[in-house]
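Subject: Structure handover

Dear colleague,

Please find the structure below, together with its sequence. My notes on it follow.

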Amino acid sequence: MSGAPRGPVFLARETYGRRRLRDLARMLPLFGAVLILLPLLRGADPAARTGGVLIYLFVLWALLVAVAALLSRRLADESPPRDGAD
Amino acid sequence: MVSFNLLVAVALAYVAFLFLIAFAAERRAEQGRDAWMRSSTIYTLSLSIYCTAWTFYGAVGYAARSGLEYLTIYLGPTLVMVGWWWVLRKLVRIGRTHRITSIADLISSRFGKSTALGVIVTLLAVVGTTPYIALQLQSVTFSFSVFAEAAGREWQGTELTVAGLWVAAGLAIFTILFGTRNLDANERHHGIVIAIAVEAVVKLCALLAVGIFVVWGLAGGVRETLALIDASPIAAWKPSGSRWVALTFVSAAAIICLPRMFQVLVVENSDERHLGTASWAFPLYLFAMSLFVVPIAVVGLDRLPAGANPDLFVLTLPLAERREGLAMLSFLGGLSSATSMVIVATIALATMVSNHIVVPAWLSARSDGAMVSGDVRRVVVMARRLSILGVLALGYLYFRLSGGGAALAAIGLISFTGLVQVLPALIGGIFWRGATRWGAAAGLLTGFAVWAWTLFLPSFGEGNLMSATLMAQGPFGIGWLRPYGLLGLTTLDPVVHAILWSLLLNGAVFFLASILTFPTPLERLQGAQFVNVFEHSPGPRAWSTRSAGAEDLLVMSQRIIGASEAQALFQRAARRQGKEGYLPDVTPAFVEALERELSGSVGAATAHAMIGQITEGASVSVEDLIAVADEAAQIMEYSARLEEKSREQERTARALREANAKLTALSIQKDAFLSQISHELRTPMTSIRSFSELLRDGGIGPEGQARYAGIIHDEALRLTRLLDDLLDLAVLENGQVTLNRQEGRLSDLLDRAIAAAGAEGLAVRRNRAREAAVALETDLDRLAQVFINLIANVGKYCAAPRPELRIEVLEVGGRTAVDFIDNGSGIAPEDTELIFEKFSRLTDQGTAGGAGLGLAICREIMARLGGAIGYQPGRGGAAFRVTLPAREALAAE
C-alpha cells in the first residue's frame, strides 16, 4: 500500500525502534556482567588456559565497547539536537 | 645511565609544563575561548584519573601475583559506563539540576540537606581516600628510588620519607594554585581538567610504549607472548569465584562512589551528551590500559631476578634492558597517574571538608550568623586550602605509618571497599523515595564500622593497631567478632569477607531504618525531586517570601560568590522581573535560584542554612501559610467591598434614572394640567361671553333674557365650582390644609352626605344600625366631602336604568372601611389606575359638569386624614372603598 498511511507507520516504527534501543542500552551491562562471569564456570577445568581466558575477556571487552559506541551514537541522535563541539 | 639529577630535572620540567598548560587553559577560559575544553574528548580523558599509579604500576604487580584478577578492577567500571542509561545519566542530571558539588553534597541534599549526613560522608571519604593518597606518594617515591638504585645509590628509609614529603608538598602547591582559584566548584577547574587530560594521554602512551616494547621488542611477537604466558606462573592461576564477583562489584560501585570519580563524572560534567561518548570511549581507554599488563608481568617474571618487585616492572624492565628513554617515559607516566589522582581527590575532599565541616562549624560558631561583616568567600577559600594541606598531610602520615611495605593492590582494595559504603545510600537515594536520612546515616555508620573493623584497622599490620591475639581470637575472646571471621566465616578471603559483611549490613540497616522512620517534609520533597529528576521540573521548594530582604541576601551573596558576580546575578534577576537596579523582589523563585547558585560554592546544606538564617524558616512554615491565607482573606474582603460599592453606585444610578423619568413625567403632566385647566376654564367663559353679548345687543324677548341670564349664571357657578376645586386641590396637595377635628357618628355623616349630594332617584341601601356603631373622630366636613363626591358620582355616571347605591360598613385589617357600590357597568380594569388622576373624566357625557377633579381631591383628603380610598374591581358595578382613619392615628397626628 502506498500514500497517506505510510508516514505514521514509518514514524511509529522509528519510535518503537528507539524504545528498543534504550532497552538494549539498559540490558547491555547485564549481558556484559553474565559474560564476564563465564570464566568462573570453567575455573575448575584443568584444560582452561589462562591465555585463552585473557583473549576471551578482551574480545568481550572490545565487543562491549563497540556496541556501546553504536548505541550512544543512536541514542544521542534521539535527544533533542543542540549544537556543540562534538 | 640516567643520572638521578637528570631524572629530577625531567620531572620538574614535566611539572612546569603541566603548570603552563593549566595556566594557559585558565587564561583561555577567562577569555571565553573554552569551548574545546568542554568537549567530550576532554571529559573522557579526565575520567582516566580512575587509572592511578595503582593501575600504572600496581596492575602488573597484581597480575604477577593473582593472574587475571586485576581485570575485575577495570571490567566493573566498564559495565557501569556501558550501562550509563541506568545510573550515571540520572546522577549527572541530578548533579546538574541541583548544582551538586561532591558526593557528600549529593547525599546531604537528597536527605533533606542534612548537615550530619554531609559530615558522615565527608569523614568516610577522608578516611577511605587517605590510604589511596598514601599509595600514590609511595609509588612516586618508589619510582624515584628505582632510578636512584640504578644510579648506584640504595635508598634508605629516611630518604624515602623525605622524597615522599617533597612529593606531597609539590602536589599541595599545584592543587592549591589551580584547585582553589574558582570558588564555585560548578564553574569547573579548567586548568586542572586540561592538565589531567594531558596526563591521561601521557600515561596511556607510556604504558602502551612499554607494552609494545615488551611484546615485540622482548618477547618477539604476539604468539610468542601467548606462549610465554602459558609457560609462566600466571598460567597456573585459577579464578576464585568469590573474589572475581566481589571485586567486579566493588570496582563497579567505586567508579560512582569514589569522591574523585564523582568529581570528574558528575561535578565537572558540562554537557550530558558527553556521558554518551564516555560510555564507550572510557571503557576503550581502560581496555588499552589493561591490554599489556599481563605481557609485561610475564616478561618481567621471566627476565628479571626472582626477588624483583613486580609492582615496578613497568620501570625496571626498560631500565634492565638499558632503554633509558623508555624508562623515563614510563616514569613520567607513573608520575602523571599519581599526581592527577592526588590532585582531583584532594580537590574533591577539600570541597567536602570545607563545605560540610568547616563552613557550617564556622557559621554556627558565630552567633550573629551569616549577616556579619567579614568575607565568607575568604573563609571558604581558606578552608579549602587548609583542607588540601590536611588531606595531603594525612596521606603522608599513612604512608609513614604503613611503612610503605604493603603491596599496592592491597591498599587500593581497602580504600575501594571503604568508599563503596556510600553505595546503598546513593542508589537508594536516587531510586527509592522511601529512603530516609536516618536510614542513610545508620547504614553508612554500620558499613563504615564493619569496614574499619574487618579491613581498615587490620591493614596497618598485626601488632600495630590490632594485636595478634585480637586478630586470632576476637575482642575479649569473642570468637564470632574476629576481624577476619565475623560470625565464624573464617574461610573467606579477608577482602571478600569485608565487602560481603560491610555492604550486607550497611544495606540491611539502611533499608530497615528507612522503613521504620519518617522523613521530614524537606526530605520527602528532595526525595521526589531526585528520584523523579527526569519528570520533575527543578525546584518546588518554597521559601517564605516576606522576611528576607533583597539587600541582606545581596550582602551575603557578595561574600560567597564575590562582589561583581553577586551584583551581576542580582541585576540579572531584577531585570528579569522588569526592575532597574540591583535589588530584585524576593520571590520564592529568586531565593531558590540564589540558593542553587550559592550551593555551587558552599554546598546545598550550607547554602540552605545561610539563606535560612536570613529568610528565617527552613521552608514553608505554618505561619507562612497562615500569612498567605490572611492575605488572601484581605484581598477577598477588599474585592467584596469594591463589589458592594459598585452595587451601591448602580442603585444610585437607577434611583437617579427613576427620578429623572418621574421629573420628565411630572413636567409632561404639568403641561397637560395647564392645557386642561385652560380648556376647562375656557368652555364656561365662552358661553358666558357669547350669551352676555346677545343680551347686550338686545332684541331679545324677556323670556329669552331670563333664559340667557340663567345660562350665564349656571356657567359662572360652574366656573366658581371649578376654581374652588382647583384651590382646594392645591391646598390639599401642598399640605397646607388645617384639619378641624370633630366627633360624630358615621350614620349621621352619611345622612348629611346623601342629603347634600342631592341625587334624586337614587336608591340608597344602608344598614343604619351598623353605621351608628361607628364612632368617628376626624375632620368630619372633609370626610363628608369625600362621601358627597362618591354619592354624586353615582348619580352622574351610573348608567343603570334605576341607579342604586349600596353602602356597606366592614372591618378590614383592624380598621373600619365603608364601601360605596353602585349597580352600573363599573370601570374597565385598565382605567382603574387613572380615575384618581386630575382631569380624568373617563367619558365626557357633558351633563356631568365636573372637571374631573373630584376623585383626585378625595384621594388627597383621605391621605391627609390618615385614611385611604381605592377602587374595588369585581363588585358588580363601580365600587369604592373608603378606609376610615384609625382613631389613634388621628390622635397621634
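A salt bridge here is a side-chain nitrogen of Lys or Arg within 4 Å of a carboxyl oxygen of Asp or Glu. Please keep in mind that this is a predicted model.

Salt bridges

By that rule, the side chains of Arg93(B) and Glu272(B) form a salt bridge, with 2.6 Å from N to O. The two residues are 179 residues apart, and the pair links distant parts of the chain. Arg93(B) sits in helix α5 (residues 88-97) of chain B, while Glu272(B) lies in the loop between α12 (259-267) and α13 (273-291) of chain B. Over all chains, the count comes to 23 salt bridges.

The interface

How many salt bridges are there between chain B and chain A? The count there is zero. The contact involves 41 residues from chain B and 35 residues from chain A. Between the two chains an area of about 3400 Å² is buried, and carbon and sulfur atoms give 74% of it.

Helix pairs in chain B

Helix α6 (residues 103-110) of chain B and helix α7 (residues 115-150) of chain B have axes that come within 8 Å and cross at roughly 155°. Angles over 145 degrees count as roughly antiparallel, and α6(B) is therefore roughly antiparallel to α7(B). Their crossing is right-handed. On the α6(B) side the contact is made by Ile103(B), Ala104(B), Ile107(B) and Ser108(B), and on the α7(B) side by Leu117(B), Gly118(B), Val121(B) and Thr122(B). Of these contact residues, five are nonpolar, three are polar and none is charged.

The other pair is α19 with α22. The axes of helix α19 (residues 423-431) of chain B and helix α22 (residues 494-516) of chain B come within 9 Å, crossing at roughly 40°. An angle of that value makes α19(B) and α22(B) oblique to each other. Here too a right-handed crossing is found, with α19(B) passing α22(B). Pro424(B), Ala425(B) and Gly428(B) of α19(B) make the contact with Leu503(B), Asn506(B), Gly507(B) and Phe510(B) of α22(B). The residues of this contact divide into four nonpolar and three polar, with no charged residue.

Best regards

Key. Residues numbered from 1 in each chain as written. Chains lettered and ligands numbered in written order. Predicted model: local features only at pLDDT ≥ 70, side-chain atom pairs only at ≥ 80, totals over all residues. Heavy atoms only, no water. Axes fitted to C-alpha atoms, helices over the stretch in contact; angles between N-to-C directions. Helix = DSSP H or I, 4+ residues; strand = E, 2+ residues; numbered from the N terminus. Parallel < 35°, antiparallel > 145°, perpendicular 65-115°, else oblique. Left-handed = near helix turned anticlockwise from the far one by under 90°. Contact = heavy atoms within 4.5 Å. Nonpolar A, V, L, I, M, F, W, Y, C, P; charged D, E, K, R; others polar. Buried area = accessible area lost by both parts, 1.4 Å probe.
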